Amino acid sequence: MKTLNLSILAHVDAGKTSLTERLLHTVGVTDELGSVDAGSTRTDSLALERQRGITIRSAVVSFVVDDVTVNLIDTPGHPDFIAEVERVLGVLDGAVLVISAVEGVQPQSRVLMRTLRRLRIPTLIFLNKVDRAGADPERVLRDVAEKLSPAVVAMGAVRAPDTRDAVCTPYGRGDTTFTDRLLDLLAGRDDALLAAWVADESALPYPRLRRALAAQTARALVQPVFAGSAITGAGVHELIGGITGLLPAGRGDADAPVSGTVFAIERGPAGEKIALVRLFAGTIRVRDRLPVGAHLALVTAVRVVANGTDVAVPSVGAGHIARLWGLSDARIGDPVGVPPRRAGLDRQFAPPTLETVVVPTRAADRAAVHAALSQLAEQEPLINLRQDDRQQQLTVSLYGEVQKEVIEATLADDFGLAVGFEETTTVCVERLAGTGAAVELIGVPPNPFLATVGLRVAPAPAGAGVRFRLGVELGSMPPAFFAAVEETVHRTLRQGPHGWQIPDCEVTMTHSGYWARQSHSHGTFDKSMSSTAGDFRNLTPLVLMAALTEAGTRVHEPVHRFRLEAPADVLGALLPALARLDAVPVSTTAHGGSYLVRGEVPAGRVHALKRRLPGLAHGEGVLETEFDRYRPVRGRAPVRPRWDHNPLDRKEYLLAVARRVTGR
C-alpha cells in the first residue's frame with residue numbers, strides 16, 4: 001500500500017474546504033456531504049472556522065483509493081495564515097491548487113504557486129465552480145498559463161459551463177488535439193521523448209505520454225489542470241484519478257534510522273500535548289525513546305488517521321503522518337530522530353510585522369489568559385507571546401487583523417476567557433549606528449554588584465543575529481558567570497534604547513572580574529563577600545545599555561514589496577493615492593489595457609492600501625505584497641515603552657539598587 005501526503009491549497013473562497021468534503025464523500029469516508037455554509041465540514045473543527053467558512057489550522061484526514069492511502073491535509077487559505085501553510089508544504093508529497101473558474105487567479109493563488117514551485121512540490125490545478133454563473137474555464141486556463149505557470153495542460157473539456165448542468169469530460173488517447181498539445185509540452189522538457197518523436201511519431205503511444213506526464217509532474221516540471229465543481233461533484237472522479245495516477249507517493253526506508261519533523265501541535269481532551277509528525281525514514285514504535293529537537297522523549301502512544309477515523313497503532317513507518325503522545329517538549333519545526341534533509345523544512349518565515357496587546361475583560365483572568373496564550377503559541381510559535389510585568393501587559397505578534405478574531409474566538413470557546421485588543425501597531429527593530437563600549441568595575445561606586453563587566457558592541461549584517469564573543473581569558477571566571485552574561489545579553493537585546501529588538505549585533509566581553517567564595521572565621525558562607533551569577537545578571541543589562549547608548553541605534557521599520565495590477569484609466573488617481581500611503585513605485589509597465597506597478601510600502605500601511613484599493617481601481621485591482629526588509633524610519637522614530645526599568649538612567653538606577661542591597 002502506497003502513501004501520498006497531499007494538501008489542498010487555495011485563495012479564500014475558491015472552494016478548497018468544499019472540495020475536501022466532496023473528496024471524502026466521493027471515496028466513501030463520509031455518508032453525508034459536509035457544507036461550509038452549514039458549518040458541518042469535517043476538517044474545519046474550530047468554531048470560528050465553521051462560523052466564517054475559512055480554514056485556520058491544518059487538519060488531517062485520510063482515505064484509500066485503490067492501492068493508495070491519501071493523507072489529506074486541509075490548510076488555511078487566508079493570507080494571514082501563510083506561515084501555517086508553508087510549514088505544511090515541507091512535509092507534502094503533492095498538492096492540489098484550487099482556482100475559481102469565476103474569479104480566476106487571485107493574489108493569494110500567485111503567492112501559493114510561487115511557493116509550490118520554489119519547493120518543487122508536484123502540483124495539480126483544479127478549476128472549481130464551473131457550474132457557477134460567470135464561470136469561464138477557458139479564460140481562467142489562459143489566466144493560469146499567463147500568471148501562474150506556462151507549463152500547464154488541460155486534462156479535459158467542460159461542457160455547459162456557467163450552468164448547473166456543467167459536465168467535465170476527460171481527454172483520452174483519441175483526442176488528437178490534446179495528445180499533440182501534451183506532446184509539445186512534454187517533449188520540450190525531455191530530450192529522450194523529443195528524439196523518439198523525431199525518429200518515429202508512432203513510437204509515442206498515449207500510455208507512454210501518460211507515463212511521461214506523471215514523471216514530469218512528479219518533478220514539478222508541469223502542472224496538469226482539471227476542472228469541475230465541488231458542489232455538484234462534476235470532474236471530481238477525474239481529479240481523484242489524477243491524484244493517484246500523476247502525483248508521486250511518499251518514499252522512505254522503514255528500516256533506516258528514524259527521521260521526521262513536527263509540523264503541528266494539538267492539545268488532547270485532557271490538555272495533553274499531541275505532536276503531528278511526518279516520518280520520512282525509519283519506524284516509530286510505542287515506548288521508543290527518540291531525540292526530538294534538543295530533548296529526549298518517550299513515545300507513549302501513536303495514532304494515525306485511517307478512512308476518516310483516528311486509530312491507535314503500535315507503530316508507524318516511513319512515509320506516514322502520525323499523532324504522537326509523550327513529546328511534551330516538542331515544538332513546531334523540531335526534527336524527530338535524524339534531522340531530515342528536505343526543501344522547505346528549514347524555511348525561515350518572514351517575521352510578523354504587526355503586534356497588539358491582549359487585554360483580559362476581567363483583570364483577574366490575566367494569569368489564565370497568559371497560560372492559554374502560551375498553549376496557542378505552541379500551535380503558532382510566530383505569535384511570539386511576550387509578558388510585561390511592569391505594565392501588566394500581554395503582547396502578541398500578528399500577520400494580519402484576522403488573527404485577532406482567531407485568538408479572541410479560541411480563548412472564548414476553548415478556555416472560557418473574554419479578551420479585547422488594543423490598536424494594532426507595526427513591529428520595528430533597532431540597528432546599531434556605530435560602536436560603543438562600557439565597563440563597571442567591582443568595588444568601584446556606584447556599582448553595587450560583586451562583578452566586573454565590560455562590553456563592546458558593534459554592528460552586524462542584517463540576518464547575522466546576535467554574536468557574543470569573549471575578549472578576556474576563558475579561565476578568568478567560572479563558566480557559570482560567563483554563561484550568565486551571555487544569556488543576559490541576548491535577553492536585554494530584545495529591547496534596545498528605543499524599546500525595539502536589536503536582532504543583529506556583535507557583543508564582545510572586554511572586562512571580567514569576580515570575588516571568589518568567602519567565609520567568615522566561624523566557617524559560614526557570606527554571600528555579601530562572594531560573587532554570584534545573579535550579580536552578573538543584574539549588572540550586564542546596565543553595562544550593555546550604556547554601550548548601546550554610546551554606539552547609538554536607529555529604528556528601522558518593516559517594508560513590503562508590492563505588485564499591483566490595475567486598469568489603465570485609474571493609474572492617474574492610483575499613483576497619488578500610493579504616495580499618500582508612503583508607497584514608492586519602482587516600475588510601471590503597460591500590459592494591454594492595464595498597468596503593472598511594482599514598488600515598496602511600509603508594512604504598517606499595507607492594510608490601508610488593501611482597504612482602499614477596491615474603490616481606487618473600481619474593484620479590478622489585484623495587489624500582492626510580501627515582506628522584503630527593514631529600512632530606517634523617516635522622521636521621528638517610534639518608541640515602544642520598555643518592559644523593565646530604564647537602564648539609560650544608569651547612575652541613578654545603580655544608586656537606587658545600592659540602597660536596596662543590604663550588607664554591601
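Guide: Let's start with Phe481, which counts as buried because its relative accessibility is 9%. Keep in mind that this is a predicted model.

Visitor: Okay, and which ring does Phe481 pair with?
Guide: Phe481 forms a stacked aromatic pair with Phe536, at 4.8 Å centre to centre and 25 degrees between the planes. Phe481 sits in helix α12 and Phe536 in helix α13, 55 residues apart, so this pair links distant parts of the chain.

Visitor: Is Phe536 buried or exposed?
Guide: Phe536 is buried, at 0% relative accessibility.

Visitor: How many aromatic pairs are there?
Guide: The count comes to five aromatic pairs. One of them is Tyr171 with Phe178, stacked at 5.0 Å centre to centre with 25 degrees between the planes. Tyr171 is partly exposed at 24% relative accessibility, whereas Phe178 is buried at 1%. Along with Tyr206, Tyr171 and Phe178 make up one aromatic cluster.

Visitor: Switching topic: how many salt bridges does the structure hold?
Guide: There are 24 salt bridges. Side chains of opposite charge can pair when their charged atoms come close.

Visitor: Which side chain meets Glu565 in a salt bridge?
Guide: That's Arg110, at 2.9 Å from N to O. Glu565 lies in strand β30 and Arg110 in helix α4, so the pair ties together parts that are 455 residues apart in sequence. Both Glu565 and Arg110 are buried.

Visitor: And what about Asp143 and Lys147, how are they separated?
Guide: They are four residues apart in helix α5, so about one helical turn lies between them. Asp143 is buried with a relative accessible area of 13%, but Lys147 is partly exposed at 27%.

Visitor: You mentioned β30. Which way does it run next to β25?
Guide: The two strands run antiparallel, and four bridges join them. Glu430 stands opposite Val555 in β30. On β25, Val429 and Arg431 point one way while Glu430 and Leu432 point the other, and all are buried.

Key
Residues numbered from 1 in each chain as written. Predicted model: local features only at pLDDT ≥ 70, side-chain atom pairs only at ≥ 80, totals over all residues. Heavy atoms only, no water. Phe/Tyr/Trp six-rings, centres within 6.5 Å; stacked < 30°, edge-to-face > 60°. Buried < 20%, exposed > 50% of the residue type's maximum accessible area, 1.4 Å probe, protein only. Pairing = 2+ DSSP bridges. Salt bridge = Lys/Arg side-chain N within 4 Å of Asp/Glu carboxyl O.
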